[in-house]
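Please take a moment with the sequence and the structure shown below before reading on.

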Amino acid sequence: FKITTDGQFIDLVVFAGTPEWSNSRCFDLYEIIEKFDLPVIGLGIGNQIQDECDLVLRNLKRFKLFTVRSPEFIDYVQDYLVVKPQYLPCPSLCSSEPDKIRSVESVNRIGLIYSCDKYRSEINNCVSTETYNYLLTLFRELKFKYPGICFSVVCHYIDELPFAHSDFPDVDILYSFDAKDYYEIYNQFDMVIGARVHGIGCAASMGIPGICISHDFRGETAKGFFAEMLDINQPLEDASRIIEQTILNINERSKGLREHIKKTEESYITLISQTLNIPVKSFGGY
């Protein structure tokens, strides 16, 4: 896609599950939207309009449907839209193939989602030093507390690999350069814990419960993944208790998550079909 693209062939523009729907990466697209008066829908929008860009603001009237993945975002955006914004979990909750959605009966293997701070990774792929230290302490405590559970560390960014190996030399480290591989990676686990929202969401889409360590505005998104939430300012004893309760109730949590996925997908399909006037034959896959 580029600014000289003839947009006459485009029937619909869709922004889905992204905090980057309004930054400079999208300006060429908004130019095309405006030039050809294209209809737009936004699904699971996750951030405010960056820099109050006039180009984006002018085109908000072209949105036919606008859902947000954090409820508090509704008040901010509703004054700019013609349609009424609605809250639904991030659409990535429905991203797994239906035949990969599992019923977790017990916890035998846990995925620890690794994150580095700015001294070890790039600024857009890091957490605060406080969050990094919290992760290390919590992960090491869990390995000690649950010797009967198999733990693996999951990295999402190449810079994390050497530090993950040095921080956890006796644990399998899992990583792929290709995002689609993470469905196979996370499908190995019965539960996941970490600060990366899209790791929690990938697992959730397969019925695998997660515990999210919230460290910035994106943490609210994980609530839509039916995840338990931890705060780095909580005592580790509180975090340990939440994790233990999740392990003990894992089957109930997984069942509730599968029902949540189905309900969320049905809500999205109904809204989209009504907005675009497309008939829906049936819901299925669960």
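Helices, as the word is used here, are DSSP runs of H or I with at least four residues, and strands are runs of E with at least two, each kind numbered from the N terminus. What is shown is a predicted model, and the values given below are computed from it.

We may begin with the sheet of four strands, which is open, has the order 1-2-3-4 and is paired in the parallel sense. Strand 1 (13-16) and strand 4 stand at its edges with a single partner strand each, so one side of each has no neighbour in the sheet. Going across the sheet, strand 1 is joined to strand 2 by four bridges, the two running parallel, and Ala-16 has Leu-43 in strand 2 as its bridge partner. Helix 1 (residues 27-35) packs on this sheet, where it touches strand 1, strand 2 and strand 3, and its direction makes about 145° with that of strand 1. Helix 10 packs on the sheet as well, touching strand 2, strand 3 and strand 4, with its direction at about 165° to that of strand 3.

Strand 2 (residues 40-45) and strand 3 run parallel and are joined by four bridges, with Gly-42 standing opposite Phe-66 in strand 3. On to strand 4 (residues 86-87), strand 3 pairs in the parallel sense over two bridges, and here Thr-67 has Gln-86 as its bridge partner in strand 4. Strand 3 (residues 63-68) is mostly covered, since five of its six residues are buried.

The other sheet to follow is an open one of six strands, in the order 7-6-5-8-9-10, again with parallel pairing. At its edges stand strand 7 (172-174) and strand 10 (228-231), and because each has a single partner strand, one side of each is left without a neighbour in the sheet. Neighbouring strands of this sheet are turned against each other by 25° on average, direction ignored. Within the sheet, strand 5 (residues 109-113) and strand 6 (residues 150-154) pair in the parallel sense over five bridges, and the bridge partner of Gly-111 in strand 6 is Ser-152.

Further along this order, strand 8 (residues 191-194) and strand 9 run parallel and are joined by three bridges, with Gly-194 opposite Cys-212 in strand 9. Between these two strands the chain crosses through helix 7 (residues 197-204), and this β-α-β crossover is right-handed. Strand 9 is joined in turn to strand 10 by four bridges, the two running parallel, and Cys-212 has Met-229 as its bridge partner in strand 10. How many of the five residues of strand 9 (residues 210-214) are buried? Four of them are, and strand 9 is therefore largely enclosed by the rest of the structure.

Several residues of helix 4 are buried, among them Thr-131, Tyr-134, Leu-135, Leu-138 and Leu-142.

The largest nonpolar core has 58 residues, of which Ile-110, Tyr-114, Leu-138, Tyr-186, Ile-193 and Ile-243 touch the most other members. Helix 4 gives the most to this core, with seven residues. Leaving aside residues up to four places away in sequence, Ile-193 touches Ile-110, Gly-111, Leu-112, Ile-113, Leu-138, Phe-139, Leu-142, Ile-211, Ile-213 and Ile-243. Another core, of 24 residues, lies apart from the largest one and includes Ile-32, Cys-53, Phe-73 and Val-77.

Phe-226, which is found in the loop between helix 8 (219-223) and strand 10, has a phi near 65°, a positive value in a residue other than glycine. Its relative accessibility is 31%, so Phe-226 counts as partly exposed. Asn-277 lies in the segment after helix 10 (250-276) and has a positive phi of about 60°, although it is not a glycine. Because its relative accessibility is 70%, which is over the 50% that marks an exposed residue, Asn-277 counts as exposed.

How values were computed. Residues numbered from 1 in each chain as written. Predicted model: local features only at pLDDT ≥ 70, side-chain atom pairs only at ≥ 80, totals over all residues. Heavy atoms only, no water. Buried < 20%, exposed > 50% of the residue type's maximum accessible area, 1.4 Å probe, protein only. Pairing = 2+ DSSP bridges. Axes fitted to C-alpha atoms, helices over the stretch in contact; angles between N-to-C directions. Core = buried A, V, L, I, M, F, W, Y, C linked by side-chain atoms within 4.5 Å. Contact = heavy atoms within 4.5 Å. Right-handed = clockwise from strand over helix to strand, strands pointing away.
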